[in-house]
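Please look over the sequence and the structure below before reading on.

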Amino acid sequence: MSHLLSDHELENCRRAFQHFDRDNCGRLDLWELRGLLSRVGQDPTEDELSMLIAVVDDHGNGSIGFEQVVELLENMQKSDHNSELLREDKGTVAAFVAMGGNPDKTGELNTDRLKKVIKDYRLSINIEGLLHDIDSDSSGYIDFNEFKTLLGD
């Protein structure tokens with residue numbers, strides 16, 4: 001698999017993954033991932049973290065393996081490279097990119113996909129009510145500013 005991360009970054013990622021995989025099961029849960037992301041300077045909210053996991057969680061069990069952590073970090077790196085001016089939105093931009101938006105805050109997210117992620121991960125968001133208010137044209141898609149409002153940022 002081809003990675004955007006350098007060999008050195010991948011090795012550091014592997015070491016961090018092993019360090020935060022406290023139960024040595026080869027997967028990181030929400031709290032283990034929070035520790036790893038904190039170590040690399042990211043501080044997503046619990047809801048953002050759940051969304052980030054949901055996008056790359058290939059087993060649907062709320063935990064992710066090393067390859068999914070790499071994918072997540074690469075998505076975040078893409079977001080960082082394209083959003084130096086957007087530092088205050090870093091976690092939100094990373095979640096937006098992970099859900100299918102663009103690092104420069106363009107693009108739109110499918111509301112059906114958002115509903116599925118929120119339902120699957122039992123997030124503390126009243127998605128139907130929020131989408132009713134946010135997606136005023138009922139297009140089934142929301143942009144970055146609407147996504148940010150959805151997350152309460």
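**Confidence, fold and core**

Over residues 81-86 the pLDDT stays under 50, pLDDT being the predictor's confidence in each residue, from 0 to 100. For this stretch the model has seven contacts beyond four places in sequence, where contact means heavy atoms within 4.5 Å. Where pLDDT is low, the predicted coordinates should not be read in detail. The protein chain as a whole averages a pLDDT of 81, and 88% of the residues score at least 70.

This is a predicted model, in which local features need pLDDT of at least 70 and side-chain atom pairs count only at pLDDT 80 or more, while totals for chains, interfaces and linings use all residues. Residues are numbered from 1 along each chain as its sequence is written, and side-chain values use heavy atoms, with hydrogens and water left out.

The protein chain has eight helices and four strands; these are DSSP runs, helices being H or I of at least four residues and strands E of at least two, numbered from the N terminus. Along the sequence they follow the pattern α-β-α-α-β-α-α-β-α-α-β-α. Among contacts in the protein chain with a separation of 6 or more, 56% are between residues 24 or more positions apart. Of the 153 residues, 48% are buried, meaning under 20% relative accessible area, with exposed meaning over 50% and partly exposed in between (1.4 Å probe, protein chains only).

The largest nonpolar core holds 45 residues. Such a core is a set of buried Ala, Val, Leu, Ile, Met, Phe, Trp, Tyr and Cys residues joined through side-chain atoms within 4.5 Å. L33, L36, V69 and F147 touch the most other members. The elements that give two or more residues to this core are α1 (7-20), α2 (30-39), α3 (46-56), α4 (66-81), α5 (90-98), α6 (111-120), α7 (127-134) and α8 (144-150). Not counting residues up to four places away in sequence, L36 touches A16, F17, F20, L28, V69 and L73.

Which residues of α6 are buried? They are T111, L114, V117 and I118. Because they cover an arc of only 120° around the axis, they lie on the same side of α6; the arc is that of the directions from the helix axis to the C-beta atoms. These buried residues pack against α3, β3 (109-110), α7, β4 (141-142) and α8. On the face turned away from the buried side, α6 carries the exposed residues D112, K116 and K119. At the start of α6, a side-chain oxygen of N110 reaches to within 2.7 Å of the backbone nitrogen of D112. After α6 comes R122, with a positive phi near 50°.

Conventions. Polar contact = N/O pair within 3.5 Å; in protein donor to acceptor, adjacent residues only side chain to side chain.
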